[in-house]
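The sequence and the model are shown first.

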Amino acid sequence: MKPPTHPLLPLFASVLTANAFQFPDCINGPLAKSKACDLTGTAPERAASLVDQLTIDEKLVNLVDQALGASRIGLPKYAWWSEGLHGVAGSPGVVFNTTGYPFSYATSFANAITLGASFDDDLVYEVGTAISTEARAFANFGFGGLDYWTPNVNPYKDPRWGRGAETPGEDPLRIKGCAKAMLAGLEGNETVRKVIATCKHYAAYDLERWHNLTRYEFEAIVSLQDLSEYYLPPFQQCARDSKVGSIMCSYNALTIREMTGGKQDEIINLTTASPACANPYLMTILRDHWNWTEHNNYITSDCNAILDFLPDNHNFSQTPAEAAAAAYKAGTDTVCEASDSPTTDVIGAYNQSLLPEEVIDTALRRLYEGLIRAGYLDHGRSAVTGGDGGPFSSPAYDALNWNDVNTPSAQELALRSATEGIVLLKNSGGLLPLDFSGKKVAIIGHWANATGTMRGPYSGIPPFYHNPVYAAQQLNLSFSYANGPVVNASDPDTWTAPALAAAEGSDVVLYFGGTDTTVAAEDLDRESIAWPEAQMKLLSELAELGKPLVVIQLGDQVDDSALLSYGNVSSILWVGYPGQSGGTAVFDVLTGKKAPAARLPVTQYPEGYVDEVPLTEMGLRPFDHSSSSSSSSSSSSDLEEEVPVQGGGGLTIQPRSTPGNKTLSSPGRTYRWYSSPVLPFGYGLHYTTFNVSLSLSSNASSSSSSIPIPSLLTPCTATHLDLCPFSPSANSTLTVSITNTGTHTSDYVALLFLSGEFGPKPYPLKTLVSYKRVKDIKPGETVTVKEMPVSVGAISRVDGNGNTVLYPGTYRFVVDVDGLQGVERGKEVVVELVGEEAVLDEFPQPPKE
């Protein structure tokens, strides 16, 4: 959504007050005797009854996020816009009570990027459950709605993207796992949805504002292969597999491309650019191919995305009425309107006969069926079995109240969500964990004594801010505190002298730095991924003192090359955005109360990467077309030549200031295609050492096996072939054995990667196919993960038409990242798949234009 120009609560104060949530009265109200309130009716029947009672004027004013309801029939107004990325958050649908009475705050868990680093889906589920519990309590007392615009499942492929911290990271498999767990926690496992979750932003959205190009006008040019393989799998999980209640369409337009030859000039666009919220092809994939229709699920636009259809941005529609009609007719069901912008011309679209009433009714039936399935019409009523397997009332949900917000268990969970996501990037000489006994400590940096900074984007009002200074006080440490810069390039230097004074009088220096939401956020992409100059200068001066120096890094990844190689920087921890208990979490890790075991959920790139590929380039694979224009003999076979996956400089890129310019070369994106990171995806050190081995459980005497492809698919009973389990032979599974060979109890995240030369060229360097966090492995203890969950979809490749295919070839499985200090891993497991290739998912092709 478009961010307000003023702080969130003041901007929405009047809206929030006016839109306090109410359940319709289905017991004594005007609706009570209608089919809409009949507990024995099906959800579609009840929704249709409700819509049938509305006049056309009433219908039109309920197609936008600030739905006005219909007082004539007892239908309250409703705000389709509540936020809950990592805790209930301020939004038009959520009111925080600022008078000091109940519902004045909500638990603030670690943000999505930190949860992603935990590689712990059970933790993600617990967080989702806690968020929905508090959200339902807010709703029961009129302080929140029933639909929540979370989670953000766009893959974080470029480190410059301003909203990457809202996501679990760069890998589609990891995002799918997080989405599955989070949605199960948010929506619950009962017939009635606890809240309606919304997966966003559909699709190929990862640019905010870069080189004078904004998300409101950006045309994402994506190949079928990349669309199917990278940008859409998280949404497949949401829609097809988790059957999420709602999906949000994105700001950007989408064009599908095809490479017909080796020349950049021979790119063919298979579709014309269509805004995502009016893109028939995207809607076909969502509702037809993935069959996302079981509950008449609805689509909401991002805020003012429909107005972006106009000539100033996408130039897709010429008038607001045409834009509204295009969105609703394509399948968008409700339009978000930011409060400081013109409204969507729904009324004009109808009056000009651009928007049929049949389309209006379909959208409204989807919206109200969603609310009905969340208990909207049955709040406080006894559970009765409905016509389609209800009930749609939940006494347990209805009973939630202020006592269920920020409970002791929620506070403990918030702390655990932060500690489990802390990644140890460097630990020279085993400095950590630290014994602070008798030591004087310098606590320096811009977030050492901060409040809201620890929360990150899309945050509510927490009950407290347990920052690093607070945590040090609770430990009764002898410390000196000094502030530090964020960027502050042109500000007078007021921080260096106090920081050096604090450090000179200390035995240990703790530097709390990194980025924050003033550097990268919604509507704000980064130009640089280097450490901010002011911070690096201060760090250099602190390091020159020669004292133990620990860097605790907030926010997004920056190039840590200098700090990793500098001997005077002892240790580095990355924390992302740790939430309300971030300071306590950091000190729990610093002292060894909790051992770090998280892994980087993204690649850490060298700062020069930003000069090698523009943010606008959507391709994942490396390529170099800088000299192709001089060749007249290129053919389609040229595309089958392997392109070296590079990380160095020297690639020529044409400046791309407008959507039409073409990228001439790219070193590749993400760990699958880029080979020269500063630190790789999945990197993370420990306080202990591990010995890890991988084997086939039923074939311990051999590390290789030959498997016919049909034997993996024929016995499978899964609804979709890509969900079939990968079992190399009868009753055999990939098993991981983990032995703690060190001196500290620690978790261990088993990351299972696959590599091999099968399927279309170029071949990825490796692919994550499974992960598992194993808890509390004691020194000397061996824990065996008897079955690493691997699906045939995870080991498949995607062809040029977007089809998911299981290919014959040699499949090499290995645990963990290469060269990880402190982890000794055994041999790879090699499996040979033989026979004809098998299509697991035939991807819909775009219409010929």
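The model is predicted: local features need pLDDT of at least 70, side-chain atom pairs count only at pLDDT 80 or more, and totals for chains, interfaces and linings use all residues. Residue numbers start from 1 along each chain as its sequence is written, and side-chain values use heavy atoms, with hydrogens and water left out.

**Nonpolar cores**

A nonpolar core is here a set of buried Ala, Val, Leu, Ile, Met, Phe, Trp, Tyr and Cys residues joined through side-chain atoms within 4.5 Å. Buried means under 20% relative accessible area, exposed over 50%, and partly exposed in between, with a 1.4 Å probe and protein chains only. In soluble globular proteins, nonpolar side chains tend to be buried together.

The largest nonpolar core holds 253 residues, and within it Leu-510 and Phe-813 touch the most other members. Helix α5 (residues 121-140) supplies the largest share of this core, nine residues. Helices (H or I, at least four residues) and strands (E, at least two) are DSSP runs, numbered from the N terminus.

Contact means heavy atoms within 4.5 Å. With neighbours within four places in sequence set aside, Leu-510 is in contact with Leu-434, Phe-436, Val-441, Ala-442, Ile-443, Ile-444, Val-550, Ile-552, Phe-587 and Leu-590.

**Cavities**

On a 1 Å grid over the protein atoms alone, a cavity is a set of points where a 1.4 Å probe fits but cannot get out, and lining residues have an atom within 4 Å of a point. Grid points are joined across faces, edges and corners, and a volume is the space filled by probe spheres set on the points. Seven cavities of 30 Å³ or more are found in the whole structure.

The largest cavity has a volume of about 110 Å³. Its lining consists of 13 residues, and Ala-112, Pro-151, Pro-168, Cys-178 and Met-182 lie nearest its centre. Both α4 (112-118) and α6 (172-187) supply at least two residues of this lining, and the largest share, three residues, comes from α6.

For the classes, Ala, Val, Leu, Ile, Met, Phe, Trp, Tyr, Cys and Pro count as nonpolar, Asp, Glu, Lys and Arg as charged, and the others, Gly among them, as polar. The lining of the largest cavity divides into ten nonpolar, two polar and one charged residue.

The second largest cavity contains about 60 Å³ of space. Its lining residues are Tyr-156, Lys-157, Asp-158, Pro-159, Glu-170, Gln-557, Val-602, Thr-603 and Tyr-605. Four of these are nonpolar, two polar and three charged.

**Buried polar and charged residues**

Thr-198 sits in strand β4 (residues 196-202). The residue counts as buried because its relative accessibility is 0%. Its side chain makes a polar contact of 3.3 Å with the side chain of Ser-246. A polar contact is a pair of N or O atoms within 3.5 Å; within protein, one must be able to donate a hydrogen and the other to accept it, and residues adjacent in sequence count only if both atoms are side-chain atoms. Beyond four places in sequence, the contacts of Thr-198 include Tyr-148, Trp-149, Thr-150, Pro-151, Val-244 and Thr-300.

Glu-617 is in the loop between α19 (582-590) and β19 (623-624). With a relative accessibility of 3%, Glu-617 counts as buried. A polar atom of its side chain lies 2.8 Å from the backbone nitrogen of Gly-619.

Helix α7 (residues 224-231) is mostly covered, with eight of its eight residues buried. Among them are Gln-225, Asp-226, Ser-228 and Glu-229.

**Backbone geometry**

| Cis peptide bond | Omega |
|---|---|
| Thr-150 to Pro-151 | near 15° |
| Lys-200 to His-201 | about 5° |

Pro-151 is in the loop between β3 (147-148) and α6, while His-201 belongs to strand β4.

Phe-103 has a positive phi, near 65°, and is not a glycine. This residue lies in the loop between β2 (78-79) and α4 and counts as buried at 3% relative accessibility. Phe-119 likewise has a positive phi, of about 50°. It is found in the loop between α4 and α5 and is buried, with a relative accessible area of 1%.

Technical notes. 1 Å grid on protein atoms, 1.4 Å probe; cavity = no way out; pocket = protein on both sides within 12 Å on 5 of 7 lines; lining within 4 Å.
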